[in-house]
Amino acid sequence: MKPRHKRAAIIFGGLASISLAAYFVLNAFQSNLVFFFTPSQVDSGEAPKNRTFRIGGMVKEGSLKRDNLTVSFIVTDTAKEVPVTYTGILPDLFKEGKGVVAQGQLGSTGQFTAAEVLAKHDENYMPPEAQHAMDQAQIQKASQTLK
């Protein structure tokens with residue numbers, strides 16, 4: 001084999017290895033990507049079916065129901081509501097009327113089944129996306145009441 005052919009084979013092998021590694025990295029990134037949606041976005045059909053995503057908002061007062069380790073509650077952004085079920089131990093800061101972010105999948109009936117529930121870490125903090133969504137929902141609700 002000529003040196004020129006060896007060099008071409010090494011370059012081709014290197015490019016193939018880099019391409020394969022990039023494919024695996026991008027594939028892993030795509031499968032672990034989780035988007036955030038508000039109850040209004042879920043209600044309007046923007047949330048994906050049969051794919052994991054996060055829903056955030058406030059836990060509706062009086063909606064918390066416990067049955068052993070299974071908990072059901074309603075997440076609201078003051079405009080729309082989404083029922084959520086979760087089986088497991090809830091965070092200590094989880095309460096009605098407080099902010100929550102749940103990660104899971106939306107069922108065909110509109111029931112969100114959470115695999116993980118996160119409560120905000122203090123009384124003043126809310127993720128920027130959730131705060132923006134809550135503000136937009138309140139503006140939309142106020143404009144509807146004025147009509």
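Q: Where does Glu46 lie?
A: Glu46 lies in the loop between α2 (39-43) and β2 (53-59). Helices and strands are DSSP runs numbered from the N terminus (helices: H or I, at least four residues; strands: E, at least two). The model is a predicted one: local features need pLDDT of at least 70, side-chain atom pairs count only at pLDDT 80 or more, and totals for chains, interfaces and linings use all residues. Residues are numbered from 1 along each chain as its sequence is written, and side-chain values use heavy atoms, leaving out hydrogens and water.

Q: What is the mean pLDDT of the protein chain?
A: The mean is 86, and 93% of the residues reach 70 or more. pLDDT is the predictor's confidence in each residue, on a scale from 0 to 100.

Q: Which residues is Glu46 in contact with, leaving aside its neighbours within four places in sequence?
A: They are Phe37 and Gln41. Contact here means heavy atoms within 4.5 Å.

Q: What makes the pair of Glu46 and Ser44 side chains a polar contact?
A: The distance is 3.2 Å. A polar contact is a pair of N or O atoms within 3.5 Å; within protein, one must be able to donate a hydrogen and the other to accept it, and residues adjacent in sequence count only if both atoms are side-chain atoms. The value of 3.2 Å therefore meets the distance limit.

Q: Why is Ala133 called buried?
A: Its relative accessibility is 14%, so Ala133 falls under the limit for buried residues. Ala133 is in helix α3.

Q: What makes the pair of Asp43 and Lys80 a salt bridge?
A: The N to O distance between these side chains is 3.4 Å. A salt bridge is a side-chain nitrogen of Lys or Arg within 4 Å of a carboxyl oxygen of Asp or Glu, so the pair qualifies. Asp43 is in helix α2 and Lys80 in the loop between β4 (70-76) and β5, and the pair links distant parts of the chain, 37 residues apart. Asp43, at 49% relative accessibility, is partly exposed, and Lys80, at 37%, is partly exposed too.

Q: How do you know that Glu81 forms a salt bridge with Lys60?
A: Their closest N and O atoms are 2.9 Å apart, so the pair is within the salt-bridge limit. Glu81 lies in strand β5 and Lys60 in the loop between β2 and β3 (65-67), so the pair ties together parts 21 residues apart in sequence. Glu81 has 40% relative accessible area and is partly exposed; Lys60, at 32%, is also partly exposed. By this rule the count comes to two salt bridges.

Q: What is the phi of Asn50, which is not a glycine?
A: Asn50 has a positive phi of about 55°. Most residues other than glycine have a negative phi. Asn50 lies in the loop between α2 and β2 and, at 67% relative accessibility, counts as exposed. Asn68 likewise has a positive phi of about 55° without being a glycine. Asn68 is found in the loop between β3 and β4 and is exposed, with 77% relative accessible area.

Q: Why is Ser63 called buried?
A: The relative accessibility of Ser63 is 8%, so Ser63 counts as buried. Ser63 sits in the loop between β2 and β3. A polar atom of its side chain lies 3.2 Å from the backbone nitrogen of Ile74. Apart from residues up to four places away in sequence, Ser63 touches Ser72, Phe73, Ile74 and Glu96.

Technical notes: Buried means under 20% relative accessible area, exposed over 50%, partly exposed in between (1.4 Å probe, protein chains only).
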